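Good morning, and thank you for making time for this presentation.

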Amino acid sequence: MEEDQNLTYLIFDGYVELHKYRYLYFMIFFIIYFLIICSNCTIVYLIWKHQNLHEPMYIFIAALLLNSVLFSTNIYPKLLIDSLSEKQIISYPACLVQYFMFYSLGDSEFLLLTAMAYDRYVSICKPLQYSTIMRKKTVGIILVLAWFFPACQILGLATMSSYQKLCSSTLKVIFCNNSFFKLFCATSRAITVFGVFTVINDVVFPVIFIIYTYTRILIICYKSSGDVRQKAAQTCLPHLLLLINYFILITYDLIIVRLESEFTDTERLIMTLQLVLYNPLFNPIIYGLKMKEISKHLKRLFCQQKMN
């Protein structure tokens with residue numbers, strides 16, 4: 001009975017010398033979270049406020065940045081609390097909720113990136129049909145599916161996991177991801193199969209589609225003038241690099257259960273932090289500041305603040 005009681009709380013054991021660098025951890029997490037919230041929310045506010053930014057492309061950007069805020073809020077407040085706590089623990093139900101939010105919002109990012117790639121594909125490859133294809137109703141349906149579809153699948157995984165018996169309570173990470181599958185007394189074939197199905201639907205297919213659409217865009221732009229080719233390269237290549245980087249980190253996260261013993265604590269911590277750092281921090285720059293109209297409104301906003 002006492003053993004079952006202990007396993008209702010899980011221990012995060014992924015920190016490296018937390019007792020020694022406790023306040024450094026806290027400051028780093030706080031600064032990163034502050035920058036993520038400020039940068040993403042500022043651009044979302046600009047898109048909401050200005051009528052000329054109420055276009056499908058900017059709406060998808062706002063949705064992506066809002067997703068980054070929710071994704072980060074699921075992780076960083078708990079990291080801030082744990083960095084100052086004597087014990088880094090979490091209840092198993094809370095761990096399942098964090099797991100659900102982490103993968104649901106993470107998979108939604110791939111689908112939102114897919115929607116953005118499709119929007120650019122239609123605008124460049126089928127400009128005469130753009131207004132017919134990308135109507136407000138269509139955009140709304142795409143956004144609902146981008147959040148609802150992954151949520152339903154990850155909810156299924158979280159529900160199945162909640163019925164599994166735990167034989168250990170120590171996680172070699174700093175937040176709840178699929179590494180808690182290592183705590184199960186027995187491997188669940190149903191969870192494994194459904195997990196692979198979810199990854200293929202929410203990650204593999206979207207990545208293939210994004211690469212395909214950007215390839216088509218680059219081919220068409222390559223046949224155009226030099227200025228168009230340069231603009232396309234400046235726009236598409238950073239997006240593809242960010243996508244590839246995120247895909248590699250997600251792939252690492254998905255196979256961490258099998259490779260756990262092959263990484264040191266420091267290497268595992270660095271890889272895990274990259275997953276919750278790069279995209280939330282760089283999305284506002286790549287998909288926001290580099291967009292001409294958003295950059296223009298942002299400069300006006302800061303100029304008004306200085307004048308006041």
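This is a predicted model: local features need pLDDT of at least 70, side-chain atom pairs count only at pLDDT 80 or more; totals for chains, interfaces and linings use all residues.

Which residues form one aromatic cluster? They are F71, Y92, Y99, F102, Y103, F175, F180, F181 and F184.

Residues are numbered from 1 along each chain as its sequence is written, and side-chain values use heavy atoms, with hydrogens and water left out.

Let me stay with the aromatic residues. The structure holds 21 aromatic pairs; rings of Phe, Tyr and Trp (its six-membered ring) pair if their centres lie within 6.5 Å, and planes under 30 degrees apart count as stacked, over 60 as edge-to-face and the rest as tilted. The ring centres of Y33 and Y76 are 5.7 Å apart and the planes meet at 20 degrees, so this pair is stacked. Y33 belongs to helix α2 (residues 22-49) and Y76 to helix α4 (residues 76-83), so the pair ties together parts that are 43 residues apart in sequence. Helices (H or I, at least four residues) and strands (E, at least two) are DSSP runs, numbered from the N terminus. Both tyrosines are buried, Y33 at 17% relative accessibility and Y76 with a relative accessible area of 1%. Buried here means under 20% relative accessible area, exposed over 50%, and partly exposed in between (1.4 Å probe, protein chains only).

I turn now to the record. UniProt, in an unreviewed entry, places the feature "transmembrane region" at residues 23-48, 57-76, 96-118, 139-160, 190-215, 236-257 and 269-289. UniProt positions are given in the numbering used here, feature names are shortened, and annotations may be inferred rather than shown by experiment. In the model, residues 23-48 are 100% helix and 0% strand, with the end C-alpha atoms 37 Å apart. Residues 96-118 are likewise 100% helix and 0% strand, and there the end C-alpha atoms are 33 Å apart.

Next, the strands. How many strands form the open sheet, and in what order? There are three, in the order β2-β1-β3, with mixed pairing; two strands pair if DSSP finds at least two bridges between them. β2 (89-91) and β3 (170-171) stand at the edges with a single partner strand each, so one side of each has no neighbour in the sheet. β1 and β2 run antiparallel and are joined by three bridges, and Y9 has S91 as its bridge partner in β2. Strand β1 (residues 9-12) pairs with β3 in the parallel sense over two bridges, where T170 is the bridge partner of I11. On β1, L10 and F12 make up the covered face, whereas Y9 and I11 make up the uncovered one.

Helix α5 (residues 92-125) lies across β1, β2 and β3, and runs at about 90 degrees to β2. Axes are lines fitted to C-alpha atoms, for helices over the stretch in contact, and angles run from 0 to 180 degrees between N-to-C directions. Of the 34 residues of α5, 27 are buried, so this helix is largely enclosed by the rest of the structure. At 1.5 Å a residue, α5 should span 50 Å, and its end C-alpha atoms are 49 Å apart, which agrees. The expected span of a helix is 1.5 Å times one less than its number of residues.

A146 is found in helix α7 (residues 136-162) and counts as buried at 3% relative accessibility. Not counting residues up to four places away in sequence, A146 touches S108, L111 and L112; contact means heavy atoms within 4.5 Å.

L183 sits in the loop between β3 and α8 (189-222) and is buried, with a relative accessible area of 3%. Leaving aside neighbours within four places in sequence, the contacts of L183 include L10, T170 and L171.

Finally, is D265 buried or partly exposed? D265, in helix α11 (residues 265-275), is partly exposed, with a relative accessible area of 41%. The C-alpha atoms of D265 and D13 are separated by 9.1 Å, although these residues are 252 apart along the chain. Leaving aside neighbours within four places in sequence, D265 is in contact with G14 and V16.
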